[in-house]
Each structure stands twice: as structure tokens, then as C-alpha cells.
Amino acid sequence: MPRPLRERLAFSTNAFKKSTLGDALDAIARIGYAGCEIMADQPHMTPVELSPLQIRAMAADLARRGLKVSNVNAFTGFFAAGEMPTGDTYHPTWLELDESARQVRIDHTIASIRLAAALGAGT
């Protein structure tokens, strides 16, 4: 008999924007999902601010809950919205005219890729 679909899929922490990352992961594990997509943004985390120790602790927390990371979602920018003139959560992007704003997105993306690698996610 095949395993239930939720045991073969991942659920995003993005659905838990009003919860801590720990509470989101607890709910995802309790529901029975085998994996999770980590939202690399506020309120859960900002990858450029994570130390190697914090990343190892996150990996241990995921393992304790029996969750694998399917991917790290670095799309939104709640972490930088207050710094942008528009207050828009999709900025800064890689296409900003302002070089410093563009660099914020580049740094965020690189840190998110490193986080994905450290947590064993393919994307």
C-alpha cells in the first residue's frame, strides 16, 4: 500500500506567517508531512543574519521533528520592505536601479542558497 500523499510531499512555512518558525515546523510535522519548504524571510528568518551555529541548530530541530527540507524559498523580501521606498515585499529585486538595493537581494539569495545546501535541500 502506498504511503499517504502528505508523507511524500512538503508543506511551506509561508502558510504560517503569524507563527514562529518552530511553531510552523511543529504543525507541519504534526499534520504528517515528511518535508517542508522553509520561507527565508521574516517572521521566520533572514538567512544573511544566521550564524553557522544557528543553522546547525535548525538542522537538528528539523531532524528531531522528522522533517526534510524540500527547498528554501527566497522570493519575498519582508526583511527589507521597510528599507525600500515602496515598502513592497517583492523588492529589492536583482533589477533594482540602486546598486545597494540590488546588492541586498544578491546577498539574500546567496545566503539562501548556502542555507539550502546546509539543510540538505536541492533548491
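Student: Which residues does Met 58 touch, not counting residues up to four places away in sequence?

Tutor: Contact means heavy atoms within 4.5 Å. Met 58 touches Leu 21, Met 45, Leu 50, Leu 115 and Leu 119 on that count. This is a predicted model, where local features need pLDDT of at least 70, side-chain atom pairs count only at pLDDT 80 or more, and totals for chains, interfaces and linings use all residues. Residues are numbered from 1 along each chain as its sequence is written, and side-chain values use heavy atoms, with hydrogens and water left out.

Student: Which residues of the largest nonpolar core touch the most other members?

Tutor: A nonpolar core is a set of buried Ala, Val, Leu, Ile, Met, Phe, Trp, Tyr and Cys residues joined through side-chain atoms within 4.5 Å; buried means under 20% relative accessible area (1.4 Å probe, protein chains only). Here the core has 23 residues, and Cys 36, Ile 38, Met 58, Leu 62, Val 69 and Leu 115 touch the most other members. Helix 1 gives the most, with 5 residues. Helices (H or I, at least four residues) and strands (E, at least two) are DSSP runs, numbered from the N terminus.

Student: What is the strand order of the open sheet?

Tutor: Strands of a sheet pair through backbone hydrogen bonds, either parallel or antiparallel. Two strands pair if DSSP finds at least two bridges between them. In this open sheet of 3 strands, the order is 1-2-3, with parallel pairing. Strand 1 (10-12) and strand 3 each have a single partner strand, so one side of each lacks a neighbour in the sheet. Strand 2 and strand 3 pair over 5 bridges, and Gly 35 stands opposite Lys 68 in strand 3.

Key
Buried < 20%, exposed > 50% of the residue type's maximum accessible area, 1.4 Å probe, protein only.
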